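Please look through the sequence and the model below before reading on.

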Amino acid sequence: GYGIAKVDKDSKVLWKNFRHIHHSFDQVEGGNIVALDHEIMTEPPFYLPGWPVPNLDDGVSIYSPEGVFLERFSFMDSFFHSPYRLVLVKIARHNDGDGLGDYLHANDVEILRAELAELFPMAEAGDLLVSFRELDGIAILDAKTKAVKWFRRGYWRAQHDADFLPNGNMLVFDNIFLEQEFINGEYRSRIIEFDPKTMAMVWEYTASGDESFFSSARASQQRLSNGNTLITESNSGRIIEVTPAGEIVWEYYNPVRLGTNDGLIPAVFWATRYTD
């Protein structure tokens, strides 16, 4: 993580703030900005005296709309001050002890919009939806207390980009589809839509036959207003739009190639459609 900045349409820097910001940030209608960050933990927290250090302490930095740093809180504290504190105990018991841990690896944060809040009874407007890759889980954090108020693991692994949907469901990029056999020597990924109240899966997309669809890290998706889904298959440098039936409407491959026999392709980290 390096920092966060705001630029205008002509790329003029309006403000910047140098902290260890990484992966994702969000802002609602001119309000404060929440951004994933991490710090180097050099002393164990009082509630986990045996925790190996140094390691990465994942959390959130909050900024004013003008880029002024306001506060920061740790996700380890969020878990400890919640009914899900045993998540930390499990991590502590299974760490490798080398002091180089990235035990949570938050990779996405999203604010629950007021217009969607009534669809998610486990949350309130302003609460944060956070994806934790190393936990194979997603959590909702209380915007006021900062504690985890809802946490679920599901049928996904190393997931990215958990989204609230306007139908009351959630959408997530399942990076490692464990139920699928290897295809051409690699795993497959998939997109999952599920009901967070029942955890029932209501839709998924993955490749069929011998087609490849896999990103071991990164990757994202966006549900469009026409019902289609925009998908960023990051490691393959690919962006596709698919219908609810799984039909590919269009696709884009990063044309740049490097390395022996042009075997390397630059990753595409994130794609968003602003008008659909």
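A residue is called buried if its relative accessible area is under 20%, exposed if it is over 50%, and partly exposed in between, using a 1.4 Å probe and protein chains only. The model is predicted, so local features need pLDDT of at least 70 and side-chain atom pairs count only at pLDDT 80 or more, while totals for chains, interfaces and linings use all residues. Residues are numbered from 1 along each chain as its sequence is written, and side-chain values use heavy atoms, with hydrogens and water left out.

Strands here are DSSP runs of E with at least two residues, numbered from the N terminus. Two strands pair if DSSP finds at least two bridges between them. On that basis, β11, β12, β13 and β14 form, in that order, an open sheet of 4 strands with antiparallel pairing. β11 and β14 (201-205) are the edge strands; each has a single partner, so one side of each is left without a neighbour in the sheet. From one strand to the next, the twist averages 15°; the axes behind such angles are lines fitted to C-alpha atoms, and angles run from 0 to 180 degrees between N-to-C directions.

D163 lies in strand β11 (residues 160-164). Strand β11 pairs with strand β12 (residues 170-174) in the antiparallel sense over 3 bridges, and D163 stands opposite L171 in β12. Which residues does D163 touch, not counting those up to four places away in sequence? They are E110, L129, N169, M170, L171 and Q221, where contact means heavy atoms within 4.5 Å.

D163 is buried yet has no salt bridge, a salt bridge being a side-chain nitrogen of Lys or Arg within 4 Å of a carboxyl oxygen of Asp or Glu. The nearest side chain of opposite charge is that of R223, 8.3 Å away; Lys and Arg count as positive and Asp and Glu as negative, while His and the chain ends are not counted. The side chain of D163 does make a polar contact of 3.0 Å with that of Q221. A polar contact is a pair of N or O atoms within 3.5 Å; within protein, one must be able to donate a hydrogen and the other to accept it, and residues adjacent in sequence count only if both atoms are side-chain atoms.

R190 is buried at a relative accessible area of 2%, whereas E204 is partly exposed at 36%.

A second open sheet has 4 strands in the order β15-β16-β17-β18, again with antiparallel pairing. Its edges are β15 (220-223) and β18 (248-253), each with a single partner strand, so one side of each is left without a neighbour in the sheet. Neighbouring strands are turned by 10° against each other on average, direction ignored. Strands β16 (residues 229-233) and β17 (residues 238-242) are joined by 5 bridges, and E233 stands opposite R238 in β17.

R238 also forms a salt bridge with E251, at 2.9 Å from N to O. The two are 13 residues apart, E251 in strand β18 and R238 in strand β17. R238 is buried at 6% relative accessibility, and E251 is partly exposed at 43%.

The whole structure has 20 salt bridges. One of them joins D10 and K9, with closest N and O atoms 3.3 Å apart; both residues are exposed. Elsewhere, R19, D37, E39, D57 and R72 are linked in a network of salt bridges.
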